[in-house]
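These are my notebook entries on a single chain. I set down each item in the order in which I looked it up.

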Amino acid sequence: MFHLQSLGIEYGTLTMFILLIGFLLTGMPLAFVTLLVALLFTVGWFGPMAVPLITSRVYSFVSSFVFVSVPMFVLMAALLDRSGIAKDLFEAMRLFGGRLKGGVAVQTIFVAVILAAMSGIIGGEIVLLGMIALPQMLKQGYDKNLAIGVVCAGGSLGTMVPPSIVLIIYGLTANVSIGDLFTSAFIPGFMLAGFYVAYVLVRCYFGDNVAPPPRTESIPASEKMRLLKGLFLPLVVVACVLGSIYGGIASVTEASAVGVAGVILSTILRGEFSPSMLKGAAMQTLSTCGMIVWIGIGASALVGVFNLMGGIKFVSAMITGISDDPTVVILFMMLILFVLGMFLDWVGIALLTMPIFVPIVKDLGFDPVWFGVLFAMNMQVSFLSPPFGPAAFYLKSVAPPDITLGTIFKSLVPFICLQVLAVAILIIFPGITGR
């Protein structure tokens, strides 16, 4: 009987990679592809008796206590999706952006930051902003490409701004403190949002026909009070979630439960809560978390088998052998993540690559928390980059029919450049993360 072990680790790794790509091209979901390849290599490399070896690794992933926070934050996003909180929040931001040229675009980015700080989920934000902000900007005469870019890039800030699900999954995979990751990602997340705002203002003030002239009429005091009410509940939820984490009052898992309670209470106070709303949000949460768990199970099994084969040592030696300069090695890792981000979901990328990358990062003398923030920033790029940038597809689902996928991807190019700039700044100035 032919054993895959006779191939040697070099050809074994190549065969595994070819099988992964081949199965993915058939349209099979990533979770099932990784599980199938893991099973084939377990049986083919070690024999049928080795199959139970991969189950312990899978169990350690799904039984992690911090993982409980993921469905909670997803549920928060699903409830926000079904309430009018985001719409009122967007309206309230008129108070700050009204007299500014490009004010609605800037206000969209601010709303995106607050929504990101409430739930840490990406898809729901882009859909919400696509339904609320995009029609307003197009109706007021904003440049179509700028409006599309602002919605997609702003809506993707949930990757960076705590409580980010990306940082939670990284923390689980890399075995580092999620609280430390949140603290370190805070300034880089706002730095990236600041880049977007600066770009929007430069385009609006120096470009021709990019944005309508700023509004000149003043808002009556009664209207200001009405609009301010829309800011109150979202900011209370953000303060409860992030305040309890940074204040040391609650763990990330406990804070996620506080956030869900805050959003449910907000919908009750607004008179929007109903059993059908809760059921719909719960079903959406089950669907999303089921996908994350299955990808986690498949990736954990595959990485476990690859590790037993000696593959992780082989790949580590190959990556570190590229250069004696640690920064060059980090840049090469960023390039690998960038390329993978064009084709794979971020959950799969994190679970497949971090068990290999994080030990290398530690050996090179870098802080794994800083690398986690760098990884999250790189995943920002993957959300926008063609051909499978999910942000473009989320927006396409709610955009007017005349806006094609090609138009959306073209609109995202300047924002991808800003994200790459942010990655470069984090590499050059790691102190931004406070590490």
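I call a residue buried under 20% relative accessible area, exposed over 50%, and partly exposed in between, with a 1.4 Å probe and protein chains only. Helices (H or I, at least four residues) and strands (E, at least two) are DSSP runs that I number from the N terminus.

**Entry 1: basis and confidence.** I am working with a predicted model, in which local features need pLDDT of at least 70 and side-chain atom pairs count only at pLDDT 80 or more, while totals for chains, interfaces and linings use all residues. Residues are numbered from 1 along each chain as its sequence is written, and side-chain values use heavy atoms, with hydrogens and water left out. The pLDDT is the predictor's confidence in each residue, from 0 to 100. I find a chain average of 85, with 96% of the residues scoring at least 70. Confidence is lowest in helix 6 (residues 94-97), at a mean of 68, and highest in helix 20 (residues 405-428), at 93.

**Entry 2: two helices.** I took the expected span of a helix as 1.5 Å times one less than its number of residues. Helix 2 (residues 30-46) has 17 residues and spans 23 Å from first C-alpha to last, close to the expected 24 Å. Its buried residues include L30, V33, V37, F41 and W45.

Helix 12 (residues 221-246), with 26 residues, reaches 35 Å between its first and last C-alpha, close to the expected 38 Å. Among its buried residues I note L227, G230, P234, V241 and I245. Just after helix 12, G248 has a positive phi of about 75 degrees.

**Entry 3: Q419.** Is Q419 buried or exposed? I find Q419 in helix 20, and it counts as buried because its relative accessible area is 0%. With contact meaning heavy atoms within 4.5 Å, Q419 touches L192, Y196, M377, Q380, V381 and L384, residues up to four places away in sequence not being counted.

**Entry 4: salt bridges.** My criterion is a side-chain nitrogen of Lys or Arg within 4 Å of a carboxyl oxygen of Asp or Glu. The count by this rule is 3. R270 and D88 meet at 2.7 Å, N to O. R270 lies in the loop between helix 13 (252-269) and helix 14 (275-309) and D88 in helix 5 (residues 85-92), so this bridge ties together parts 182 residues apart in sequence. R270 is partly exposed at 27% relative accessibility, as is D88 at 31%.

R270 also pairs with E272, the closest N and O atoms being 2.9 Å apart. I record D88, R270 and E272 as linked in a network of salt bridges.

R203 bridges to D143, with 3.7 Å between the closest N and O atoms. This pair links distant parts of the chain, 60 residues apart: R203 is in helix 11 (residues 178-206), and D143 is in the loop between helix 8 (123-140) and helix 9 (144-155).

**Entry 5: nonpolar patch.** Patches use residues with over 30% relative accessible area and no salt bridge, joining like charges within 9 Å and nonpolar side chains (Val, Leu, Ile, Met, Phe, Trp, Tyr) within 5 Å. Areas come from the Shrake-Rupley method with a 1.4 Å probe; for residues, only the protein chains shown count as cover. I find a nonpolar surface patch of about 700 Å², made by I322, V328, F332, L335, V339, F343, F388 and F393. Helix 16 (residues 326-341) gives the most to the patch, with 4 residues. L335 lies in this helix, helix 16, and is partly exposed at 48% relative accessible area.
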